[in-house]
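I'm new to this one and would like to walk through it piece by piece. Could we take it as questions and answers?

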Amino acid sequence: MPKFMDIHRNMKGLTAEQLREAHQADLDIQGEEGVTFEHAWADTDSGEVFCLSEAPSADAVQRIHERAGHKADEVHQLTLSV
């Protein structure tokens, strides 16, 4: 299954608890689209959040994020890994 990295912007000041809650909201419904969210990271200075997932498509990733209340600004398929 393809892997994806998505980016959320304008989340400056995000706390660890808020990141955990947002990630959990994704985990709670990820199965509805066949998505598996693997990890989330945040740069609190820039306000960017990055999520790594496996999914059937970028659209499936975005639909989960939208339903969880935090639409991604970008979703990128990762086609090469070393």
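What follows is a short chat about the sheet, the helices and the salt bridges.

User: Before we start, what kind of model is this, and how are residues numbered?

Analyst: It's a predicted model, where local features need pLDDT of at least 70, side-chain atom pairs count only at pLDDT 80 or more, and totals for chains, interfaces and linings use all residues. Side-chain values use heavy atoms, with hydrogens and water left out, and residues are numbered from 1 along each chain as its sequence is written.

User: In what order do the four strands sit in the sheet?

Analyst: Strands here are DSSP runs of E with at least two residues, and helices are runs of H or I with at least four, numbered from the N terminus. Two strands pair if DSSP finds at least two bridges between them. The sheet is open and its pairing is antiparallel, with the order S2-S3-S1-S4.

User: Which strands stand at the edges?

Analyst: An edge strand has a single partner, so one side of it is left without a neighbour in the sheet. That goes for two strands here: S2 (36-43) and S4 (74-78).

User: Which residue in S3 is the bridge partner of His39?

Analyst: S2 and S3 (residues 48-54) run antiparallel and are joined by seven bridges. In S3, the partner of His39 is Leu52.

User: At about what angle does helix H1 run to S2?

Analyst: Angles run from 0 to 180 degrees between N-to-C directions, using axes fitted as lines to C-alpha atoms, for helices over the stretch in contact. H1 covers residues 16-29 and lies across S2 and S3. Its angle to S2 is about 160°.

User: And which strands does helix H2 touch?

Analyst: Contact means heavy atoms within 4.5 Å. H2 (residues 58-68) packs on the sheet, and its direction makes about 40° with that of S1 (3-8). The strands it touches are S1, S2, S3 and S4.

User: How far apart are the closest N and O atoms of Glu38 and Lys3?

Analyst: Side chains of opposite charge can pair when their charged atoms come close. A salt bridge here is a side-chain nitrogen of Lys or Arg within 4 Å of a carboxyl oxygen of Asp or Glu. Glu38 and Lys3 form one, with their closest N and O atoms 2.7 Å apart.

User: Why does the Lys3 and Glu54 salt bridge tie together separate parts of the sequence?

Analyst: The two side chains meet at 3.5 Å, N to O. Lys3 lies in strand S1 and Glu54 in strand S3, so the pair ties together parts whose separation in sequence is 51 residues.

User: Is Glu33 buried or exposed?

Analyst: Buried means under 20% relative accessible area, exposed over 50%, and partly exposed in between (1.4 Å probe, protein chains only). Glu33 meets Arg63 in a salt bridge (2.9 Å, N to O), and Arg63 is partly exposed at 34%. Glu33 has a relative accessible area of 19%, so it counts as buried.

User: Which residues are linked with Glu33 in a network of salt bridges?

Analyst: The structure holds eight salt bridges. In this network, Glu33 is linked with Glu32, Arg63 and Arg67.

User: What is the relative accessibility of Ser53?

Analyst: Ser53 is in strand S3. Not counting residues up to four places away in sequence, Ser53 touches several residues, including Phe4, Phe37 and Val61. Ser53 counts as buried, with a relative accessibility of 0%.
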